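Look over the model shown here. This report covers selected local features, charge pairs and a surface patch.

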Amino acid sequence: MKRLTGFQPTGNLHLGNLLGAMRPLVEAQETAESIAMIADLHAMTMEHDPPALRRSTLGVATMLLAAGVDPARTAIIANSQVPEHAELHYLLECVTAYGEAARMIQFKEKSAAGGPVRLSLLTYPVLMASDILVHDVNQVPVGEDQSQHLELARTLATRFNARYGETFTVPEGVRPESAARIMDLAEPTAKMSKSSVSAAGRIGLLDPPEVIRKTISRAVTDTLGVVRHDRVNQPGVTNLLEILTACTGSPAGAYSSYGALKRDVTEAVDALLAPVRKRHAELSDDPGYVREILAEGKTRVRPAALATVRRARAAIGLLD
Ligand code: AQP
């Protein structure tokens with residue numbers, strides 16, 4: 001079983017990234033061969049700052065290590081550093097219809113935001129398909145917002161195999177049991193996100209305890225005055241209960257006030273993040289080590305990626 005989990009270096013990682021993707025990845029290390037991929041090529045589909053992108057790519061790698069990703073078991077790579085991702089991307093574009101790319105919800109949303117639209121924003125779901133297919137991955141942990149992209153990867157793999165002969169493994173989407181969907185603390189009907197304009201709803205993985213306490217104490221609740229799990233009528237309270245459960249690993253008890261709930265959530269989040277902050281500080285003293293880990297990851301995954309691209313080139317009619 002081989003899995004791939006991707007992270008975009010588009011900003012500082014937050015509690016949602018940790019509980020929704022990084023922790024399940026760490027847990028899966030026991031049972032599955034995983035690749036943790038930093039999608040730096042994807043981060044260039046919107047306006048970007050080159051030095052910030054480099055910093056952010058190293059920052060995500062550092063954070064993956066700090067969160068417990070073991071590079072001896074999980075290859076950590078940047079997709080730009082494994083050139084087969086880009087090569088296969090082009091071959092897959094040749095089996096993708098323009099309309100298939102244009103109707104992707106994320107393309108529609110991001111291109112509607114105004115400003116110039118990069119062509120790479122249109123084709124990035126095809127790059128995402130390449131990220132998955134190039135490594136012969138069988139399982140991709142996905143949240144709902146990514147399921148359309150995984151479906152495109154499956155469609156392209158199946159189509160390519162049917163037209164040109166068996167070349168790709170068709171991947172399955174999986175939802176790890178421990179994966180939690182964390183909502184924005186200031187706007188609890190939207191997911192916690194790196195790119196939301198306001199930081200008030202986000203807990204950064206390196207936020208100091210005082211900032212965590214303030215952010216949680218200001219989290220939006222409601223005026224009902226009861227602590228109940230009710231996503232429709234009490235999305236803020238429900239989000240706090242789910243954060244508590246995800247952090248402690250056991251169901252939240254009964255609470256008679258929002259203040260008491262917030263105090264326990266603060267304690268649980270801080271207990272989860274304190275060791276991550278500590279390890280991150282140690283790793284930050286040695287950026288050379290993080291670069292070495294990326295180089296090792298690349299060396300580890302490249303033979304299989306090269307073999308996939310060779311198969312695809314031969315099948316589609318290119319010379320050796
Ligand atoms: N709020 C969340 N709750 C649970 N899981 C989440 N993930 C993201 N936000 C939450 C999961 O984290 C992984 C990496 O996400 P990404 O870097 O690919 O970007 P994203 O999904 O688009 O997340 P962001 O933070 O909202 O980034 P921006 O703002 O840049 O788009 C994925 O597995 C994702 O499901």
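Is Asn239 buried or exposed? Asn239 is buried, because its relative accessible area is 1%, and buried means under 20%. The model is predicted.

## Asn239 and its contacts

Asn239 sits in helix H9, which spans residues 235–248. Leaving aside residues up to four places away in sequence, Asn239 touches Arg181, Ile182, Met183, Asp184 and Leu185.

## A positive phi at Asp136

Most residues other than glycine have a negative phi. Asp136 is not a glycine, yet has a positive phi of about 55°. The loop that holds Asp136 runs between helix H6 (119–133) and strand E4 (139–141). Asp136 counts as partly exposed, at 23% relative accessibility.

## Salt bridges

The whole structure holds 13 salt bridges. One of them joins the side chains of Glu84 and Arg302, at 2.9 Å from N to O. Glu84 lies in helix H3 (residues 84–93) and Arg302 in helix H11, so this pair ties together parts that are 218 residues apart in sequence. The two partners can also be described by their cover. Glu84 is buried, with a relative accessible area of 3%. Arg302 counts as partly exposed, at 27% relative accessibility.

Glu210 forms a salt bridge with Arg213, and their closest N and O atoms are 2.7 Å apart. Both residues belong to helix H8 (residues 209–217); they are three residues apart, so about one helical turn separates them. Glu210 is partly exposed, with a relative accessible area of 42%. Arg213 is also partly exposed, at 39% relative accessibility.

Arg231 forms a salt bridge with Glu242, the closest N and O atoms lying 2.5 Å apart. This pair links distant parts of the chain, eleven residues apart: Arg231 is in the loop between H8 and H9, while Glu242 is in helix H9. Arg231 is partly exposed, with a relative accessible area of 40%.

Some salt bridges share partners. In this way Glu30, Asp70 and Arg73 are joined into one network.

## A negative patch

Which residues gather in a patch of negative charge on the surface? They are Asp285, Asp286, Glu292 and Glu296. Glu292 lies in helix H11, residues 287–316. At 49% relative accessibility, Glu292 counts as partly exposed. Helix H11 also holds Arg302, the partner of Glu84.

Conventions. Residues numbered from 1 in each chain as written. Predicted model: local features only at pLDDT ≥ 70, side-chain atom pairs only at ≥ 80, totals over all residues. Heavy atoms only, no water. Patch = residues over 30% accessible without salt bridge, like charges linked within 9 Å, V, L, I, M, F, W, Y side chains within 5 Å. Areas by Shrake-Rupley, 256 points an atom, 1.4 Å probe, with all protein chains shown as cover. Salt bridge = Lys/Arg side-chain N within 4 Å of Asp/Glu carboxyl O. Lys, Arg positive; Asp, Glu negative; His and termini not counted. Charge placed at Lys NZ, Arg CZ, Asp CG, Glu CD. Helix = DSSP H or I, 4+ residues; strand = E, 2+ residues; numbered from the N terminus. Buried < 20%, exposed > 50% of the residue type's maximum accessible area, 1.4 Å probe, protein only. Contact = heavy atoms within 4.5 Å.
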